[in-house]
Amino acid sequence: MAVSTSSIHSTLRSSPKLPAATRLPGSVSGHRAVLSLRRGDLDLPILASSSISLRSAGNRSRISAIASPVTEGTTRTADSKVSTIVEVDLGNRSYPIYIGSGLLDEPDLLQRHVHGKRVLVVTNTTIAPLYLDKVIKALTHGNSKISVESVILPDGEAYKNMETLMKVFDKAIESRMDRRCTFVALGGGVIGDMCGFAAAAFLRGVNFIQIPTTLMAQVDSSVGGKTGINHPLGKNLIGAFFQPQSVLIDTDTLNTLPERELASGLGEVVKYGLIRDAEFFEWQEKNMQALLARDPSALAYAIKRSCENKAEVVALDEKESGLRATLNLGHTFGHAIETGFGYGQWLHGEAVAAGMVMAVDMSHRLGWIDDTIVKRVLNILQQAKLPTAPPEMMTVEKFKTAMAVDKKVADGLLRLILLKGPLGNCVFTGNYDRKALDDTLHAFCKS
Ligand SMILES: NC(=O)c1ccc[n+]([C@@H]2O[C@H](COP(=O)([O-])OP(=O)(O)OC[C@H]3O[C@@H](n4cnc5c(N)ncnc54)[C@H](O)[C@@H]3O)[C@@H](O)[C@H]2O)c1
Ligand SMILES: [Zn+2]
């Protein structure tokens, strides 16, 4: 059996402690603090941000009735006609992320980003009966010149492959999509990644719009331009960086999402708080029940803040030369669980949750974080109904085998994202005591 929470605690108590977490000098609302880093200790500058001030274009400043934090028990509903807009700042490839309730009923939000007259909606068998008509209506409302085709793919990670991708190209070619057409991804991360890659490759690149419908896709995968498919030998090995024209997040789509999928997305939300946004983490501690109850304002706020964090990281490091890697907190352990346990057993966010607990445990063993952070991480993930330890079948050997081929291995050295200092700070480093990693693996695995 995997080690229990109480035994993790008792192991952790023996590790050296840091002073209690303090507020960063730069963590005043609206300011950013760039931490200067010690060479050899940290491999790259990490931006700590407790309240993001994104550069907003003109009237696309942050806005709205839903932009202010809600607290536990809030019953306030979001104003359906007010949306938050987060701008992803990438020069001439910048784009807006619209967030709000009822946005699929606002045709202009979609139509203003459609180039040309031909649109191909890419979706799957689960999402099509729920939202395809609505999206087609929004694309064509008041605009008789637009013609919309759709391709409905089988549902599941197992279909995120070349064969399914060809179905998108088949449809695009059969329906004579031209260079000025627009691809629309309607679905979760699987559809978003596949449609984005199809748009990147079709006629060497056509416009595309993301309409993410899972929390995972709304807080993470639809933002930042990573697109691709799986190869039988590994996940996401074939792909391209390709940014969309816009991302339209209608939070109402979450009402049909299964509970487990919702919780999986929350794993990534917690991640943003831990790596760079302590104030957001504190907000989550107060609002987790509202999020699980799908309170529209709480969800809209969590999505907005997650997108702001991701947008800021992507704007600074689009092609992942360093900083963007910090978005992978818990993912090295998590991917090992996904591989070792078999894809599809645990959802991505579930594996990441257990992986984050392991990364946090290791950070504490290294003496880099206070034990209050360890307790708060366990607590928030338990509240979110996410796992806090790997499945029983995971052994130290299984972890080591999977981690040896991690994308973050450079020159034989496994670099990890670990927490260091007050809540909301992390490092991406290969400079740590190997014993701490071994101790963490042994603490969480039976053999
Ligand atoms: N590109 C990136 O930066 C990035 C980041 C994270 C994850 N990903 C990728 O995203 C994928 C995981 O995404 P996911 O968690 O969204 O999984 P998913 O796309 O498989 O969706 C999960 C399930 O929910 C269903 N669904 C989607 N929206 C729904 C809705 N509104 N109502 C009811 N059911 C709905 C889907 O049909 C599917 O069965 C993985 O392939 C992963 O590699 C990419
Ligand atoms: Zn992830």
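**Exercise 1.** What spacing do the donors of the zinc ion (ligand 2) follow along the chain?

*Solution.* Note that this model is predicted. Start with the donors. The protein supplies Glu268 (OE), His331 (NE2) and His348 (NE2) to the zinc ion (ligand 2). Along the chain, the donors give the pattern E-x62-H-x16-H.

**Exercise 2.** Classify Glu268 and His348: is each buried or partly exposed?

*Solution.* Buried means under 20% relative accessible area. Glu268 has 0%, so Glu268 is buried. His348 has 22%, so His348 is partly exposed.

**Exercise 3.** Describe the aromatic pair of Phe208 and Phe242.

*Solution.* The model has 8 aromatic pairs. One of them joins Phe208 and Phe242, with 6.0 Å centre to centre and 15 degrees between the planes. Planes under 30 degrees apart count as stacked, and this pair is stacked. Now locate the partners. Phe208 is in strand S8 (residues 207–212). Phe242 is in the loop between strand S10 (234–241) and strand S11 (246–250). The two are 34 residues apart, so the pair links distant parts of the chain. Finally, check accessibility. Phe208 is buried at 1%, whereas Phe242 is partly exposed at 21%.

**Exercise 4.** Which rings lie under the charged end of Lys271 and under Lys420?

*Solution.* Take Lys271 to begin. Its charged end sits over the ring of Tyr272, 4.8 Å from the centre. Then take Lys420. This residue lies over the face of Trp368, at 4.1 Å from the ring centre.

Key
Residues numbered from 1 in each chain as written. Chains lettered and ligands numbered in written order. Predicted model: local features only at pLDDT ≥ 70, side-chain atom pairs only at ≥ 80, totals over all residues. Heavy atoms only, no water. Donors = N, O, S within 2.8 Å, 3.2 Å for Na, K, Ca; no water. Buried < 20%, exposed > 50% of the residue type's maximum accessible area, 1.4 Å probe, protein only. Phe/Tyr/Trp six-rings, centres within 6.5 Å; stacked < 30°, edge-to-face > 60°. Helix = DSSP H or I, 4+ residues; strand = E, 2+ residues; numbered from the N terminus. Lys NZ or Arg CZ within 6 Å of the ring centre and 35° of its normal.
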